[in-house]
Amino acid sequence: MVPVSYQLRDDPALVHYGLVSQDVEAALDALDVHGSALVQTNAATGMKSIAYAELIPLLVAEIQTLKHQIHSLQKEVFK
């Protein structure tokens, strides 16, 4: 997943930041995660969107995992 910046047609003066819904969907598929509320499709338009609030707990869990890995590596290096 690659962060992107974009502007909405109705307010081109504002720059928004986010992720491409299809990239998030592909990442979830690679992790064998199905039925997630993270990527939603509008039934009327077919447009996909990301429920960013659903992403926060996943990011926190990954940060915790990385923090644990860093701590373990530091213990090995500084024995």
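A pocket here is an open set of points, on a 1 Å grid over the protein atoms alone, where a 1.4 Å probe fits and which has protein on both sides within 12 Å along at least five of seven lines. Lining residues have an atom within 4 Å of a point. Grid points are joined across faces, edges and corners, and a volume is the space filled by probe spheres set on the points.

The model is predicted: local features need pLDDT of at least 70, side-chain atom pairs count only at pLDDT 80 or more, and totals for chains, interfaces and linings use all residues. Residues are numbered from 1 along each chain as its sequence is written, and side-chain values use heavy atoms, with hydrogens and water left out.

**Whole chain**

Start with the chain in cartoon view. Two helices and four strands are present, in the order β-β-α-β-β-α from the N terminus. These elements are DSSP runs numbered from the N terminus: helices are H or I with at least four residues, strands E with at least two. The C-alpha trace spans about 60 × 35 × 20 Å along its principal axes. The radius of gyration, taken over C-alpha atoms, is 17 Å, while a compact globule of 79 residues would have a value near 12 Å by the rule of 2.2 Å times the number of residues to the power 0.38.

Switch to a surface. The accessible area is about 6600 Å², with 60% belonging to carbon and sulfur atoms; the Shrake-Rupley method with a 1.4 Å probe gives such areas. Of the 79 residues, 11% count as buried, meaning under 20% relative accessible area, whereas exposed means over 50%.

**The largest pocket**

Select Met1, Leu28, Leu31, Leu55 and Leu58, which lie nearest the centre of the largest pocket among its 13 lining residues. α1 (21-30) and α2 (52-77) are the elements that give two or more residues to this lining, and α2 supplies the largest share, four residues. The volume is about 290 Å³. Eleven lining residues are nonpolar, one is polar and one is charged. In that count Ala, Val, Leu, Ile, Met, Phe, Trp, Tyr, Cys and Pro are nonpolar, Asp, Glu, Lys and Arg are charged, and the others, Gly among them, are polar.

**Leu19**

Next select Leu19, in the loop between β2 (11-18) and α1. Leaving aside neighbours within four places in sequence, Leu19 is in contact (heavy atoms within 4.5 Å) with Met1, Val2, Pro3, Val4, Val24, Ile50, Tyr52 and Leu55. Ser5 is 14 residues from Leu19 in sequence, and their C-alpha atoms are 8.4 Å apart.

**Ser21**

Move to Ser21 in helix α1. Is Ser21 buried or exposed? Ser21 is buried, because its relative accessible area is 8%. Not counting residues up to four places away in sequence, Ser21 touches Val39, Lys48, Ser49 and Ile50. A C-alpha distance of 5.9 Å separates Ser21 from Ser49, 28 residues apart along the chain.

**Asp32**

Finish at Asp32, in the loop between α1 and β3 (39-41). Asp32 counts as exposed because its relative accessible area is 58%. Most residues other than glycine have a negative phi. The phi of Asp32 is positive, near 60°.

Technical notes. Buried < 20%, exposed > 50% of the residue type's maximum accessible area, 1.4 Å probe, protein only.
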